[in-house]
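Open the structure in your viewer and keep the sequence beside it. The stops below can be selected one after another.

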Amino acid sequence: MGLTTLRLVAASTTLALAFSASASAQSLQPPAAAQAGAAQAPGPVKRLSVADAVQLALEQNLNLQVQRLDPQAQDLTIAQVKSAWAPLFTTSLVTSNSKSPVNSFLSGATDKLTNDQFQAIVSAQQQLPWGGSFNIDWNTSRTESNSAFSSPNPSLRGAISLTYTQSLLRNFRIDNVRQQLLVSRKNREISDVQLQQAVLTTTRNVKSAYWDLAYAVASLGVQRQSLELAQESLRNNRSRVEIGTMAPIDIVEAEAEVAQREEAVLLAEAAVTRTEDTLRALVFDPSTPDFWDMRLELTDEPTFQAQAIDLNAAVGNAMANRTDLLQARKNIESSDINIRYFRNQILPDVNLQAGYGVTGQGGTQYNFGDGFPPQVISRIDEGYGKVLSRMFGRDFPNWSLALQVGYPLGRSSAEAGLARARIQYQQSQIQLRNLELQVATQVREVARQVNTNRKRVDSTRAARQLAERRLEAEQKKFAAGMSTSFFVIQAQRDLAQARNAELQAVLDYNRSLVDFETVQQAPVGGTGASVSVVSTSGANSGSSLSSGSASSSSGGRGGQGGF
């Protein structure tokens, strides 16, 4: 055996041993451990589990903070509507003076007739929740005149009057205020469901972002291991060039491979920082100290645990608990309230009005003798206490009872509103059926993704094991002089891709499980019905329901997915 052949065997053996040691180290090191070696900017470290991330997000997420204010706003709307039933008190103080020319000797004045008056009125009125209303007035006045015939003069008067009006047909069972109140309460229930949906969606987004970051860190570890193998190959090729068993031109291929894998490491590092920012924005409030400098260290590692899927139970659960379906059903209930209101408004307006009042009078009372002009014989001074005594003694009572009937001639606006409300009700029912179909389709699609991703994990795991065996075989062939460094490098590249594919499959499986849990309670992927609060305006009230399309993310999301 010649010297050149011995050198070739020795160099090949050295290179094969180096490849074997690097590959063994790569297979033994867990991908998640690469997070500790990742290049991170200096800053405080925050250790997070999935449960911790979800809890922090429920406390600090800005979108949830905004959503929690909506039920409070709806409570204020209800209070504003109820204010229509609050009593209204009014007070009027009026003073007046009039001077008029004397046009008859019966005026009782010689030059001009003068009247001075002071009047105080206190009123209370209230609209009642059962379609009635009342009004109470307390009227007090003092009048003084220079007429010789006026008695009492000055005159004190007091009166109390009570008027009650009750609707008998229109506005009896429901009126505009009660319609607004019922719709506002329904909107309050919708805001609670929307808050529940926001919580579920945020929880899903946090879990997905958590696994995204876990995958990005694991993928960075794979890329760095691949770079180390390429650098080791380059060092061995240079050694072979130095001992004369390889031409210098053959180093170019190894240098090009190192450059490509350095680029892959840079892209993986950028993916880590990007997914870390996504998780940071979902979990923490921006006012948190060191918000941007904080480094997130994940404590939960991705695992693969196959779970059985009960599709029929999942569809039934979604039909009963999906937030978009609950909102749509409550919107239909609001439309039913509007139909009740407009059906009532087309009835004749029949009102029963009852009134009762008492009056009292006092002041300076004159007794006149015979003759003209009459002579004052005596006077009696009566204060305001006498006025009150006569009022509450019911010396001068009065009452009234009236029945008022009103109805429009021709087609009324209420009839047009009723027809419109009925059409909206039918539309909402059809949209609900369409939404139920979309929900069932979406649940089935997500369930299919779970099963598909479970099978992908098995297939990618087998592919990764075969790639490891292929690399081992190429290394042995290279050591025996039956292969070249090109095929060894290609096997290393295929192994890195297979490991990334396995990581991606496990990521997609975990994400699909999160989606399957969420899709039974809330829309995922921006799908489902978009239900807004219902207008409380009587003439324009109706449901606002627009169905979304059922869709979901695909199983494979490329190299920079979440775990």
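Predicted model: local features only at pLDDT ≥ 70, side-chain atom pairs only at ≥ 80, totals over all residues.

Leaving out residues up to four places away in sequence, F284 touches K46, L48, L56, Q60, F291, M294 and L296.

Now go to helix α7 (residues 311-321) and select A314, V315 and A318, which are buried. These residues are on the same side of α7 because they cover an arc of only 100° around the axis. To see what covers the buried residues of α7, display α8 (323-345), α10 (413-479) and α11 (485-519), which are among the covering elements.

The remaining stops concern the backbone. Most residues other than glycine have a negative phi, and most peptide bonds are trans. In the loop between β4 (132-145) and β5 (155-167), find P154. The peptide bond joining N153 and P154 is cis, with omega about 0°.

Move on to N171, in the loop between β5 and α5. Its phi is positive, near 70°, though N171 is not a glycine. N171 is partly exposed, at 22% relative accessible area.

Finish at R394, in the loop between α9 (384-392) and β9 (396-406). R394, also not a glycine, has a positive phi of about 55°. Its relative accessibility is 57%, so R394 counts as exposed.

Notes: Residues numbered from 1 in each chain as written. Heavy atoms only, no water. Buried < 20%, exposed > 50% of the residue type's maximum accessible area, 1.4 Å probe, protein only. Helix = DSSP H or I, 4+ residues; strand = E, 2+ residues; numbered from the N terminus. Arc of directions from axis to C-beta. Contact = heavy atoms within 4.5 Å.
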